[in-house]
Amino acid sequence: MIAAVAVITALDFKLHVNHTTVALMFLVTVLLTAAYWGLRYAVVLAVGATAAFNFFFLPPVGTFTVADPQNWVALFAFLITALVASNLAERARREAEVSRQGRRDVELLYGLSQRLLASENVLELLNALPLYVQETFSAKSVAVMAADHPAVYRSSLDAVFDETVLRSTLLRGEPITQDGVSYVPLRLGMRTMGALGVAGEDLSREALDALGSLVGLAIERARALEALSKHRAEQEHERLRSALLDSVTHEFRTPLTSIKASVTTLLSGAGLDDQGRRELMTVIDEETDRLNRLVGEAAEMAQLDAGMFKLDLQPHSIQDALQPALQDAKASLEKHPVEVNVAAHLPKVRIDLQRIREVLMHLLENAGKYSPAGAPIKVTSEVESERLVTSIADRGPGIDSFEQSLIFEKFYRGQNQRYTAPGTGMGLAIAKVIVEAHGGTIGVVSQAGSGSVFSFSLPIEKART
């Protein structure tokens with residue numbers, strides 16, 4: 001500052017400029033000082049410039065004496081102008097700084113809000129929130145407490161906060177600053193959702209209030225999503241329970257009715273020959289097997305849903321599973337010519353032989369049940385993009401496009417097919433879980449009236465070098 005006054009004085013003194021030019025140059029220097037360094041430096045510079053102006057430019061030059069009263073007016077006018085201008089410049093500088101800080105806070109809050117949206121349950125949010133706030137605002141440490149979760153969640157294990165003050169902030173709903181730590185309530189409207197402690201970062205009151213509201217809103221959003229998910233899960237559970245009861249009741253009633261009728265006839269003592277009794281016993285045997293299979297599918301579906309199964313993965317040819325599956329589905333395929341087109345040179349895949357056999361059996365049975373008598377069924381297997389794709393094509397009624405993604409859900413059966421063939425709607429759901437457990441995919445291509453092609457792919461294990 002002294003150097004600036006000295007340079008201006010020497011320059012103006014050497015160039016013999018008039019007093020007005022000198023005063024304006026000093027004034028500009030004072031304004032620049034106020035704008036960049038603040039009011040205190042500008043006041044010192046204004047006083048120094050006034051003294052220099054008096055000493056070097058106002059007669060008698062070389063003394064601080066002012067001979068002409070008008071020069072006293074000019075001197076005081078210069079000093080007052082410099083001080084007022086410095087104050088205005090300082091105020092503008094502060095407002096600009098506040099504006100920049102406000103913009104920075106808004107940007108940081110926006111960034112934090114995007115990170116908070118990733119959490120969809122309260123516990124996950126509370127665990128991650130302190131670290132999010134610490135990283136966003138470069139704070140030393142952060143702690144948070146929710147009203148319905150009394151535990152204190154910290155950004156790090158060594159973060160030390162006064163839990164009493166944190167609880168007081170939660171209960172009173174008013175911000176507190178103590179020992180360099182800012183405690184702010186988490187608000188949603190008039191409700192206090194919790195309390196937040198921030199250490200090592202001097203945030204403005206407005207930024208803290210906005211942070212508290214943002215975090216409170218995030219907690220309420222996560223709580224609402226949890227409630228919504230729970231409600232949807234309950235609805236799905238109720239839907240599945242109703243579907244299960246409806247399907248199982250219907251499927252169990254048919255064999256039970258046949259068994260009951262056969263047993264009643266046998267017990268009635270009606271005049272039956274050996275052939276008649278044999279037929280009734282055969283009905284009882286077949287329907288008992290059917291009941292046993294229905295119970296087995298329901299138990300297997302529950303086991304697969306819970307993930308309580310292990311795969312015995314061994315390298316096998318797809319033929320190893322296909323031939324036994326054709327025998328398993330023989331009853332459903334007896335009225336259909338089956339064409340098998342599987343090349344002998346296909347690579348082996350790592351599969352659980354019994355599980356893949358079960359997948360093929362379900363697909364073959366469906367093809368036989370839903371195709372008209374005499375319609376051919378074609379089985380193919382080929383390599384596509386390092387995957388072995390096996391397909392079963394039928395000539396059935398086809399599946400509407402909107403139902404193609406639903407038929408692999410538990411207990412779902414087509415709107416038309418559910419009345420034309422028996423079933424529980426568990427076969428395709430079981431097949432889907434098994435195929436996906438092998439790292440594969442299953443799907444269907446179909447057109448109403450033109451049949452369907454069910455395909456599943458299995459990854460081919462690359463040869464080790």
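A salt bridge with an N to O distance of 3.2 Å brings together the side chains of glutamate 163 and arginine 154; the term denotes a side-chain nitrogen of Lys or Arg within 4 Å of a carboxyl oxygen of Asp or Glu. The model is predicted, so that local features need pLDDT of at least 70 and side-chain atom pairs count only at pLDDT 80 or more, whereas totals for chains, interfaces and linings use all residues. Residues are numbered from 1 along each chain as its sequence is written, and side-chain values use heavy atoms, with hydrogens and water left out.

Glutamate 163 counts as partly exposed at 33% relative accessibility, and arginine 154 counts as partly exposed at 29%. Here buried means under 20% relative accessible area, exposed means over 50%, and partly exposed lies in between, with a 1.4 Å probe and protein chains only. Arg154 and Glu163 also belong to a network of salt bridges that includes Arg167.

The structure holds nine salt bridges. Among them is the one between glutamate 135 and arginine 115, at 2.9 Å from N to O. This pair links distant parts of the chain, since glutamate 135 lies in helix α5 and arginine 115, 20 residues apart from it, in helix α4 (residues 69-116). Helices (H or I, at least four residues) and strands (E, at least two) are DSSP runs, numbered from the N terminus. Glutamate 135 is partly exposed, with a relative accessible area of 45%, and arginine 115 is partly exposed at 31%. Another salt bridge joins arginine 172 to glutamate 174, with the closest N and O atoms 3.3 Å apart. Arginine 172 counts as exposed at 53% relative accessibility, while glutamate 174 counts as partly exposed at 41%.

The protein chain as a whole contains 12 helices and 12 strands. Of its 465 residues, 40% are buried. Its accessible surface comes to about 26,200 Å², with 58% belonging to carbon and sulfur atoms; accessible areas come from the Shrake-Rupley method with a 1.4 Å probe, and for residues only the protein chains shown count as cover. Among contacts between residues at least 6 apart in sequence, 65% join residues at least 24 apart, a contact being heavy atoms within 4.5 Å.

Strand β5 (residues 191-199) is mostly covered, as seven of its nine residues are buried. Two strands pair if DSSP finds at least two bridges between them. Strand β1 (residues 141-146) runs antiparallel to β5 and is joined to it by six bridges; in this pairing valine 142 stands opposite valine 198. Strand β4 (residues 181-188) is likewise antiparallel to β5, with eight bridges, and valine 181 has alanine 199 as its bridge partner in β5. The hairpin of β4 and β5 has two residues between the strands, and in it glycine 189 takes a positive phi near 70°.

Most residues other than glycine have a negative phi. Serine 138 has a positive phi near 55° and is found in the loop between α5 (122-137) and β1. Serine 138 is exposed, with a relative accessible area of 56%. Serine 385 has a positive phi of about 50° and is found in the loop between β9 (377-384) and β10 (387-393). Serine 385 is exposed as well, at 72% relative accessible area.
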